[in-house]
Amino acid sequence: MRVGIAVICLSAMAGLACAHFGMIIPSDDIVTPEEGRVLKLRVMFAHPFEGHLMEMERPAEFGVLFRGRQRTSLLDLLRPVKLRGYADDKPHQAWEAEYRLRRPGDYVFYLVPKPYWEPAEDKFIVHYTKVVVNGFGMESGWDAEVGLKTEIIPLTRPYGLYVGNVFRGLVKVNGKPAPFTEVEVEYYNEDGSVKAPAPPFVTQVIKCDANGVFSYSIPRAGWWGFAALNEEAEKLVKDGEEKPVEIGAVIWVKAYEMR
Ligand SMILES: [Cu+2]
């Protein structure tokens, strides 16, 4: 039983905030013709630094916005898969898709999950998640808005990033900038090789300025997730009781070592 609780939420046991992240991790953030045209995407809901996955229901929406113009649902491409974080004692429900890039330009993949009930925090969580993939060298569409309920609009091109680059984004809720939104930042510690010297290192916490803009200097190569958190105006009902709904705007970017 003790182990069961730990799997739900390690940091909640310590009375700390527990950072959840919607995740779309593509096999690459930049696709060149030489590498082939098929992209693999993993879709999951996790504590990316601590290596725990939650069970994820089939998402409500999953799609791609191509070059800022053409929006296509990719829900039919999603296949159920069991994935295990490095600290999980068993695999969890997640999703994956294969997508063939056909034309040059930027591909904004987006995800709208079904509300996730988190007992440790007594609330529902819905993370509107994005990742941008550049196709065949044409840089067009990475800053396009999908039009999600809450969304991070990148102000830094979200691919081709070096370690040490500053990543900036504008947080919107219902299409308007969301000043002073708290943004949680986590490294995708896929194999568990990075150790946090103390709990506050697990999740970096920054805030938007009065215009809803945040910035973060990326300290390490790999995938980084930014989750801008707000509360939905409407509540959802759980066991006959109204419960709050955390809405997160999430974006994932990859940084590379400069050699
Ligand atoms: Cu959790």
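Phe180 is exposed, with a relative accessibility of 51%, in this predicted model. The residue sits in the loop between strand 15 (176-177) and strand 16 (182-187). Its phi is positive, about 60°, although Phe180 is not a glycine. The protein around it has two helices and 22 strands. Its radius of gyration is 17 Å, close to the 18 Å that the globule rule gives for 259 residues, so the protein is as compact as a globular protein of that length.

**Backbone in the loops**

- Asp122 is another residue other than glycine with a positive phi, in this case near 55°.
- The loop that holds Asp122 runs between strand 10 (116-118) and strand 11 (123-135).
- Asp122 has a relative accessible area of 37%, so it counts as partly exposed, whereas Phe180 at 51% counts as exposed because the cut-off for that class is over 50%.

**Aromatic pairs**

- Across the whole structure, a search finds 14 aromatic pairs.
- One of them joins Tyr99 and Tyr107 in an edge-to-face arrangement, with 5.9 Å from centre to centre and 70° between the planes.
- Tyr99 counts as buried at 15% relative accessibility, and Tyr107 is buried with a relative accessible area of 3%.
- Phe167 and Phe214 make a tilted pair, because their ring planes lie at 50°, with the centres 6.2 Å apart.
- This pair links distant parts of the chain: Phe167 belongs to strand 14 (residues 166-173) and Phe214 to strand 18 (residues 213-217), 47 residues apart.
- Phe167 and Phe214 are both buried.
- Phe167 and Phe214 also belong to a cluster linked by ring pairs, together with Tyr187, Tyr216, Trp224 and Phe226.

**Overall dimensions and contacts**

- Along the principal axes, the C-alpha atoms fill a box of roughly 50 × 40 × 35 Å.
- Of the 259 residues in the protein, 53% are buried.
- Among contacts with a separation of 6 or more, 67% are between residues 24 or more positions apart.

**Surface and charge**

- The protein exposes about 12,100 Å², and carbon and sulfur atoms supply 52% of that area.
- There are 31 positive and 35 negative side chains in the protein.
- The centres of the positive and negative sets lie 5 Å apart.

Terms used: Residues are numbered from 1 along each chain as its sequence is written. This is a predicted model: local features need pLDDT of at least 70, side-chain atom pairs count only at pLDDT 80 or more; totals for chains, interfaces and linings use all residues. Side-chain values use heavy atoms; hydrogens and water are left out. Helices (H or I, at least four residues) and strands (E, at least two) are DSSP runs, numbered from the N terminus. The radius of gyration is taken over C-alpha atoms; the globule rule is 2.2 Å times the number of residues to the power 0.38. Buried means under 20% relative accessible area, exposed over 50%, partly exposed in between (1.4 Å probe, protein chains only). Contact means heavy atoms within 4.5 Å. Accessible areas come from the Shrake-Rupley method with a 1.4 Å probe; for residues, only the protein chains shown count as cover. Lys and Arg count as positive and Asp and Glu as negative; His and the chain ends are not counted. The place of a charge is taken as NZ of Lys, CZ of Arg, CG of Asp or CD of Glu. Rings of Phe, Tyr and Trp (its six-membered ring) pair if their centres lie within 6.5 Å; planes under 30 degrees apart count as stacked, over 60 as edge-to-face and the rest as tilted.
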